[in-house]
Amino acid sequence: MTAMSNLATQFLLGTSACLLIGCSSPQFDKRPFTQSDPKATSLVAASQDAHGGKAFAKIRDVSVRYEGNWPPIVPIVQPTLSDIKFRGRSEERMLIDSRFIAQEHSGPDGKKVVIRESGTVTVAYNGVPSSDSEVNHAAALVADVYAMFLLGPFYFDRPGVVFAPDGEAVVDNATCDKVLAILRPGFGYSKEDRVILFIDRATKRLRRVRMTLDGLESTRGAEVDVTFRDFREIGGILWATDFDERIRVPFDLPAHHWNMLGLDLNRGLHKSDLTVDGFKGRAGKPAASFSSE
């Protein structure tokens with residue numbers, strides 16, 4: 001038995017035991033909320049204010065650079081979603097008003113480009129377009145959730161969101177008020193996803209999100225959270241620069257850790273700069289490194 005297959009066997013045995021003893025449990029309220037609760041809406045608005053408030057309205061486009069790593073088990077569990085041969089570093093661009101997203105991922109096997117716009121996605125590997133439905137749906141899901149990770153509480157200024165109070169929890173020793181956000185549509189090609197926002201009671205910073213990922217058959221029913229740390233103020237906005245992801249249901253397992261290495265704003269980007277063949281013109285320059293690097 002190879003080391004990889006042995007690891008997979010150990011994982012499957014451990015996961016089966018975990019499910020039998022119930023070591024992870026769903027946290028989402030499944031009621032069909034149709035109207036936002038004023039208290040929950042107020043909490044989200046307070047978090048937006050804490051992250052920069054009105055300064056966000058001045059942002060037209062964002063250029064960002066990430067680098068991350070995956071625990072060895074994740075490519076076995078989610079090979080298409082993790083896509084580790086192409087997802088190590090990335091240069092990503094977003095046009096804020098239209099939520100147009102472009103990603104250039106790079107890894108040991110080359111470059112993967114994703115263009116996400118208005119319910120559509122285009123994916124290319126080393127310049128060759130993908131016609132694989134699972135690959136394309138996974139790319140759409142990743143693009144959408146990374147928009148949320150980047151924008152934090154501002155992401156939820158979008159159509160089709162309903163907010164409800166969801167109790168409290170502690171994140172990194174800070175008491176947080178939880179807000180349930182129902183997204184219709186959800187991430188990728190999901191009709192609906194649910195997100196719990198963990199809003200620091202003292203600072204109103206968004207410290208964590210916990211989400212469903214129903215846009216892929218392989219992730220349907222799972223719950224994942226991402227904890228935000230090491231905030232930097234750029235352009236009057238607080239941006240998280242350290243991201244720690246864990247699978248929470250059906251088992252508790254580290255999933256992905258990545259860091260923002262650079263970010264700059266308002267280059268004056270246009271859709272024509274962002275193509276499946278690569279980034280052009282003003283989009284081509286790497287995101288500005290942080291001054292401490």
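Student: Which residue stands opposite Glu 104 in β3?
Tutor: Glu 91 does. Keep in mind that this is a predicted model.

Student: How many bridges join β2 to β3?
Tutor: Seven, and the two strands run antiparallel. Strand β3 covers residues 100-107.

Student: What sits between β2 and β3 in the hairpin?
Tutor: Four residues. Arg 99 in that hairpin takes a positive phi near 55 degrees.

Student: Which strand does β2 pair with over another set of seven bridges?
Tutor: Strand β1, residues 61-69, and in the antiparallel sense. Val 64 has Glu 92 of β2 as its bridge partner.

Student: Is β2 mostly covered or mostly open?
Tutor: Mostly covered. Six of the seven residues in 89-95 are buried.

Student: OK, zoom out. How many helices and strands are there in the protein?
Tutor: Five helices and 15 strands.

Student: What is the radius of gyration, and what would a compact globule have?
Tutor: The protein has 19 Å. A compact globule of 293 residues would come out near 19 Å, so the two agree. The C-alpha atoms fill a box of roughly 55 × 50 × 40 Å along the principal axes.

Student: How much of the protein counts as buried?
Tutor: Of its 293 residues, 54%.

Student: What about contacts between residues 24 or more positions apart?
Tutor: They make up 58% of the contacts with a separation of 6 or more.

Student: And charges? How many positive and negative side chains?
Tutor: There are 36 positive and 37 negative ones. The centres of the two sets lie 3 Å apart.

Student: New topic. Where is Val 123 found?
Tutor: In strand β5, residues 120-125.

Student: Why does Val 123 count as buried?
Tutor: Because its relative accessibility is 1%, and the cut-off for buried is under 20%.

Student: Which residues is Val 123 in contact with, leaving aside close sequence neighbours?
Tutor: Beyond four places in sequence, the list includes Lys 112, Val 114, Pro 129, Ala 139 and Val 276. Take Ala 139: it is 16 residues away from Val 123 in sequence and 7.4 Å away in space, C-alpha to C-alpha.

Student: Now a helix. Where is the place of Ser 47?
Tutor: In helix α2, residues 38-50. Ser 47 counts as buried, at 1% relative accessibility.

Student: Why is β10 largely enclosed?
Tutor: Because six of its seven residues, in 206-212, are buried.

Student: Which strand pairs with β10 besides that, over five bridges?
Tutor: Strand β11, residues 223-234, also in the antiparallel sense. Thr 212 and Glu 223 are bridge partners there.

Student: Last one. Is Gln 78 buried or exposed?
Tutor: Buried, with a relative accessible area of 14%. Gln 78 is in the loop between α3 and α4. Leaving out residues up to four places away, Gln 78 touches Ser 218 and Thr 219.

Technical notes. Residues numbered from 1 in each chain as written. Predicted model: local features only at pLDDT ≥ 70, side-chain atom pairs only at ≥ 80, totals over all residues. Heavy atoms only, no water. Buried < 20%, exposed > 50% of the residue type's maximum accessible area, 1.4 Å probe, protein only. Contact = heavy atoms within 4.5 Å. Pairing = 2+ DSSP bridges. Rg over C-alpha atoms; globule rule 2.2 N^0.38 Å. Lys, Arg positive; Asp, Glu negative; His and termini not counted. Charge placed at Lys NZ, Arg CZ, Asp CG, Glu CD.
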